[in-house]
Amino acid sequence: ASTVAGLMPLPVYLDFTGRFTKERDKNVWAVLIDSFGFLNRIIEASHRPLLEAFVRTRVSPAAEAVGWSPQAGESDLTRQLRSELIGALGRLGNDAGTQARAAELYAGARDNPRTVDPNLLPALVAILAFTGDAARYDEFDERFQTASTPQEERRYLFSLAMFRHEALLERTLAKTLDGRIRTQDAPFMVGAVMGNIYGREQGWRFVKNNWDVLDRRFPKQGLR
């Protein structure tokens, strides 16, 4: 907040975040990761590799400390922290090792869901959507359509807005108009695409080009 208000120069803030590499409080890390995400939304694309490297240096020590698997006696907040850290490394940090491990764990969980902590699964899905191709999109779309619980349905539904390829995001946007996504969910999916730095301009064009249809079909509160 101090940086946004102009009270603390950005370089000073970035240096300040280095004091938290040994922090293990989930709420503290939620604020830090949110600030990194904000920077990711406003920087130029050419600067993104620098931010990714920065995120890796800040998040990796804590992620390595908590590891990938729950330990006996650890709290629910630690389990949630693990998901936050790994998700940040795999997406904001664009860390290849984290992405590979996420794919490995997710593949194992398809055969035996008990092999992955339920708290970690949303991070794995988000990472794989971020790195995903058309085959992965089709897989997650199928999981959305055949989900056995509302929680699983929403996880895979919103994963369809997390991909980076324009053609895949176009498929997601199209689903909001052809009935494959429920009317009450559709405006939030459009919003999710617009919140994706790789789809925000595409999502805005979609809204402008289809405004009359969206205004007629979608709940008014969903368009605000």
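Axes here are lines fitted to C-alpha atoms, for helices over the stretch in contact, and angles run from 0 to 180 degrees between N-to-C directions. The model shown in every view is predicted.

**View A. Helix H2 packs against helix H3.** The two helices meet at an angle of about 170 degrees, and their axes are 10 Å apart. Angles over 145 degrees count as roughly antiparallel, so H2 is roughly antiparallel to H3. From H2, the contact uses Trp 29, Phe 36, Leu 39 and Asn 40. From H3, Arg 48, Leu 51, Phe 54, Val 55, Arg 58, Val 59 and Ala 62 take part. By type, the contact of H2 with H3 holds eight nonpolar residues, one polar and two charged.

**View B. Helix H2 and its buried residues.** H2 runs over residues 26–42 and has 17 residues. From first C-alpha to last it reaches 25 Å, close to the expected 24 Å. Buried positions in H2 are Lys 26, Trp 29, Leu 32, Ile 33, Ser 35, Phe 36, Gly 37, Leu 39 and Asn 40. These buried residues pack against helix H1 (10–16), helix H3 (48–66) and H4.

**View C. Helix H4 alongside helix H6.** The axes of H4 and H6 come within 9 Å and cross at roughly 5 degrees. Angles under 35 degrees count as roughly parallel, so H4 is roughly parallel to H6. On the H4 side, Ser 83, Ile 86, Gly 87 and Gly 90 make the contact. They meet Ala 123, Ile 127 and Phe 130 of H6. The contact of H4 with H6 comprises four nonpolar residues, three polar and no charged.

**View D. The loop residue Asn 94.** Asn 94 sits in the loop between helix H4 (76–90) and helix H5 (96–111). Its phi is near 45 degrees, a positive value in a residue other than glycine. Buried means under 20% relative accessible area and exposed means over 50%. Asn 94 has 24% relative accessibility, so it counts as partly exposed.

**View E. The largest nonpolar core.** This core has 35 residues. Those with the most contacts inside it are Tyr 106, Leu 120, Leu 124, Phe 140, Leu 160, Phe 163 and Met 189. Two or more residues come from each of H5, helix H6 (121–131), helix H7 (134–145), helix H8 (150–159), helix H9 (166–175), helix H10 (186–195) and helix H11 (200–209). H6 gives the most, with seven residues. Another core, of 18 residues, lies apart from this one and includes Phe 36, Val 55, Leu 81 and Leu 92.

**View F. Helix H7 and what covers it.** H7 has twelve residues. Its reach from first C-alpha to last is 16 Å, close to the 16 Å expected. Arg 136, Tyr 137, Glu 139, Phe 140, Asp 141 and Phe 144 are buried in H7. The cover over these buried residues includes H5, H6, H8 and H9.

**View G. Met 189 and Phe 188.** Leaving aside neighbours within four places in sequence, Met 189 contacts Leu 157, Phe 158, Leu 160, Ala 161, Thr 172, Thr 176 and Ile 181. Phe 188 is found in helix H10. With 46% relative accessibility, Phe 188 counts as partly exposed. Phe 188 and Phe 158 are 30 residues apart in sequence, and their C-alpha atoms are 8.9 Å apart in space.

Methods: Residues numbered from 1 in each chain as written. Predicted model: local features only at pLDDT ≥ 70, side-chain atom pairs only at ≥ 80, totals over all residues. Heavy atoms only, no water. Helix = DSSP H or I, 4+ residues; strand = E, 2+ residues; numbered from the N terminus. Buried < 20%, exposed > 50% of the residue type's maximum accessible area, 1.4 Å probe, protein only. Core = buried A, V, L, I, M, F, W, Y, C linked by side-chain atoms within 4.5 Å. Contact = heavy atoms within 4.5 Å. Parallel < 35°, antiparallel > 145°, perpendicular 65-115°, else oblique. Nonpolar A, V, L, I, M, F, W, Y, C, P; charged D, E, K, R; others polar. Expected span 1.5 Å × (residues − 1).
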